[in-house]
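The structure under discussion is shown first.

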Amino acid sequence: MDQALTELGDYISDTLGDVVIAQDCRLGELCLTVKREGILKILKFLRDDANCQFTTLLDICGVDFPEEDERFEVVYNLLSMTHNQRIRLKLRTDEDTPVASATSLFNAANWWEREAWDMFGIAFDDHPDLRRILTDYGFEGHPLRKDFPLTGYVELRYDDEQKRVVYEPVKLTQEFRSFDFLSPWEGVQRMLPGDEKAEDTDEDAPEKEAS
Amino acid sequence: MAESEIKSYNINFGPQHPAAHGVLRLVLEMSGEVVDRADPHIGLLHRGTEKLIENKTYVQAIGYFDRLDYSSPQNQEHAFALGIEKLMGLEVPVRGQAIRVLYAEIGRLLNHLMNICAFALDVGAMTPMLWSFEHREKLMEFCERACGARMHMHYFRPGGVAFDVPQDLLDDIYTWCPDFLTILDDVETLLTENRIFKQRTVDIGIISAEQCQDWGITGANIRASGVAWDLRKSQPYDGYEKYDFQIPVGKNGDCYDRYIVRMLEMRESVKIIQQAIENMPGGPAKSIDHKVTPPTRGQMKHSMEALIHHFKLYTEGFKVPAGETYTAVEAPKGEFAVYLISDGTNKPYRCKIRAPGFASLQATELLSKGHMLADVVANIGSVDIVFGEIDR
């Protein structure tokens with residue numbers, strides 16, 4: 001099965017060499033990294049080509065890698081029912097650069113792109129209706145970014161004097177405790193902690209060996 | 001008599017509505033009784049699940065998956081457990097796989113019972129709901145006997161299932177199956193040949209196979225439109241290839257076909273349950289690799305290694321090697337998938353939940369255009385949506 005997937009990946013990379021940056025086939029899943037400008041071209045190819053026929057766009061999601069320049073990764077997951085294959089496309093963008101919208105090719109992309117916009121702030125060009133979908137009507141901010149705190153910035157409560165629901169800054173009655181039990185010990189390391197000093201001790205050999 | 005002009009006006013099919021299947025705010029632009037445009041506003045049940053999962057260990061995160069599609073909680077956990085196992089390369093013992101298949105099919109029955117009777121209720125038939133809920137109670141009793149919780153089981157863990165099932169539970173499920181089939185027959189006599197039901201559902205909300213693929217609709221909805229696509233057959237997981245069952249496929253893709261496909265799927269699920277119990281293998285119900293699955297409490301109190309494993313697993317949790325996976329299961333509502341990115345630590349880096357209801361609800365505008373308001377209700381009911389998974 002991996003063989004078939006790698007062949008498919010090679011076929012797509014050969015045909016659309018200018019769009020595909022990298023190809024990866026791990027754990028039985030094929031993943032192509034593509035250039036942002038070429039996304040519509042490759043989606044159209046994947047949908048229409050007889051060997052591919054990826055007619056179902058299952059999912060578009062965003063991932064935030066804040067340390068990188070192009071912090072957002074947009075991931076498209078497609079399915080071909082005729083060939084029983086799946087494929088994944090990834091592209092990178094940052095906060096100010098929009099991505100071409102896939103709604104012209106797949107109607108399913110509509111809400112998934114709205115969600116990526118709402119949760120991350122990834123803008124899509126030519127989207128028919130790019131507005132927030134999951135967050136509240138006057139919400140500011142993009143919640144799934146890594147710099148957006150888990151508790152958020154505002155909370156709601158019903159104010160009896162104003163007789164309506166009001167927004168107020170978040171007040172935590174107990175300080176937010178982040179339980180990170182990640183232990184510093186990784187198990188058996190290939191390079192034991194003192195080994196990087198081994199090159200140094202060879203030069204300073206006389207003092208060390210004397211003891 | 002002068003011709004009166006019908007102006008379009010907006011109706012708010014509000015979030016609080018008995019037929020809105022949860023919290024759905026549907027803004028309808030109507031001219032008279034006919035719907036011109038339907039704009040669903042979702043997000044009223046958005047709980048920030050994906051962000052919360054990024055701050056929890058893998059086993060703690062399983063609880064979130066229960067609460068997505070709350071009419072069949074265990075199927076969502078299934079996808080997450082399979083995703084983690086794929087990233088870790090973890091083997092599930094055969095008994096664990098069989099118990100998972102058993103409870104996944106129980107989840108399918110729970111969901112289809114809920115959907116069919118809620119759909120019938122929206123369309124006007126009240127009795128199937130009363131009869132089906134009795135059997136939902138019995139199914140939830142089986143869930144409770146396995147893990148202690150009627151509904152949100154937290155049962156499917158990476159490596160298998162949390163607790164083993166006793167033999168008398170399996171015998172009780174086996175004896176319950178024929179009674180359930182008689183109830184299905186009763187509900188069918190009420191609905192399948194009913195003139196009023198047919199008038200409300202036949203030729204309403206027709207969606208073709210190409211449209212289903214274009215809109216990302218999977219599951220019973222696409223099977224009702226004629227495509228024989230079921231992940232249990234085409235990309236089997238957990239030993240589904242060993243079970244003998246069929247996939248019902250419809251012809252017209254209307255609400256009536258979706259109802260019939262779900263009724264037939266319930267019968268096939270009962271067959272799978274019976275086969276799973278008859279062929280239930282022995283052995284452990286979860287992986288014996290105690291670096292991932294915790295030891296039993298008895299072992300923990302007697303053995304030092306078991307105690308240390310228990311401690312490490314319940315504080316730090318296990319670390320999943322860096323990588324990503326898109327793992328899909330055939331949930332009762334469609335293809336439920338988890339796109340899991342791990343960075344090598346004990347918490348997921350990003351966990352995207354691909355809910356089938358999200359895609360189905362998008363297509364509501366397509367289904368309802370040109371139909372009347374009462375048909376909008378039938379369409380929403382028949383595509384089987386639940387807001388826990390749509391809004392997350």
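## Packing of α5(B) with α6(B)

In this predicted model, the contact of α5(B) with α6(B) joins Thr127(B), Pro128(B), Trp131(B), Ser132(B), His135(B), Lys138(B), Leu139(B), Phe142(B), Arg145(B) and Ala146(B) of α5(B) to Asp168(B), Leu169(B), Asp172(B), Ile173(B), Trp176(B), Asp179(B), Phe180(B), Ile183(B), Asp186(B), Val187(B), Leu190(B) and Leu191(B) of α6(B). By class, these residues comprise 13 nonpolar, 3 polar and 6 charged.

Helix α6(B) spans residues 167-191, and its axis lies 10 Å from that of α5(B), at an angle of about 165 degrees. Angles over 145 degrees count as roughly antiparallel, and the two helices α5(B) and α6(B) are therefore roughly antiparallel to each other. Their crossing is left-handed.

## Packing of α4(B) with α5(B)

Helix α4(B), residues 94-123, and helix α5(B), residues 127-147, have axes that come within 9 Å and cross at roughly 160 degrees. That angle makes α4(B) roughly antiparallel to α5(B). The crossing of α4(B) and α5(B) is left-handed.

On the α4(B) side, the contacting residues include Tyr103(B), Ile106(B), Leu109(B), Leu110(B), Leu113(B) and Met114(B). Among their counterparts in α5(B) are Met129(B), Phe133(B), Arg136(B), Leu139(B), Met140(B) and Phe142(B). The contact of α4(B) with α5(B) has 18 nonpolar, 2 polar and 1 charged residues. Leu139(B) and Phe142(B) belong to the α5(B) side of this contact and also take part in the contact with α6(B).

## Packing of α4(B) with α16(B)

Helix α4(B) also packs with α16(B), residues 373-382; the two axes come within 9 Å and cross at roughly 175 degrees. Helices α4(B) and α16(B) are therefore roughly antiparallel to each other.

Here Asn115(B), Phe119(B), Asp122(B) and Val123(B) of α4(B) meet Val377(B), Ala378(B), Gly381(B) and Ser382(B) of α16(B). The class division of this contact is 4 nonpolar, 3 polar and 1 charged residues.

## Interface of chain A and chain B

Between the chains, 51 residues of chain A are in contact with 50 residues of chain B. The buried area is about 4,400 Å², and carbon and sulfur atoms give 54% of it. Met81(A), Trp111(A) and Leu134(A) supply 16% of the area that chain A buries against chain B, more than any other three residues.

The interface of chain A and chain B also holds 9 salt bridges. Arg86(A) forms a salt bridge with Glu335(B), in which the closest N and O atoms are 2.8 Å apart.

Key:
Residues are numbered from 1 along each chain as its sequence is written. Chains are lettered from A and ligands numbered from 1 in the order in which they are written. This is a predicted model: local features need pLDDT of at least 70, side-chain atom pairs count only at pLDDT 80 or more; totals for chains, interfaces and linings use all residues. Side-chain values use heavy atoms; hydrogens and water are left out. Axes are lines fitted to C-alpha atoms, for helices over the stretch in contact, and angles run from 0 to 180 degrees between N-to-C directions. Helices (H or I, at least four residues) and strands (E, at least two) are DSSP runs, numbered from the N terminus. Angles under 35 degrees count as roughly parallel, over 145 as roughly antiparallel, 65 to 115 as roughly perpendicular and the rest as oblique. A crossing is left-handed if the near helix is turned anticlockwise from the far one by less than a right angle, and right-handed if clockwise. Contact means heavy atoms within 4.5 Å. Ala, Val, Leu, Ile, Met, Phe, Trp, Tyr, Cys and Pro count as nonpolar, Asp, Glu, Lys and Arg as charged, and the others, Gly among them, as polar. Buried area is the accessible area (1.4 Å probe) that two parts lose on being put together, summed over both. A salt bridge is a side-chain nitrogen of Lys or Arg within 4 Å of a carboxyl oxygen of Asp or Glu.
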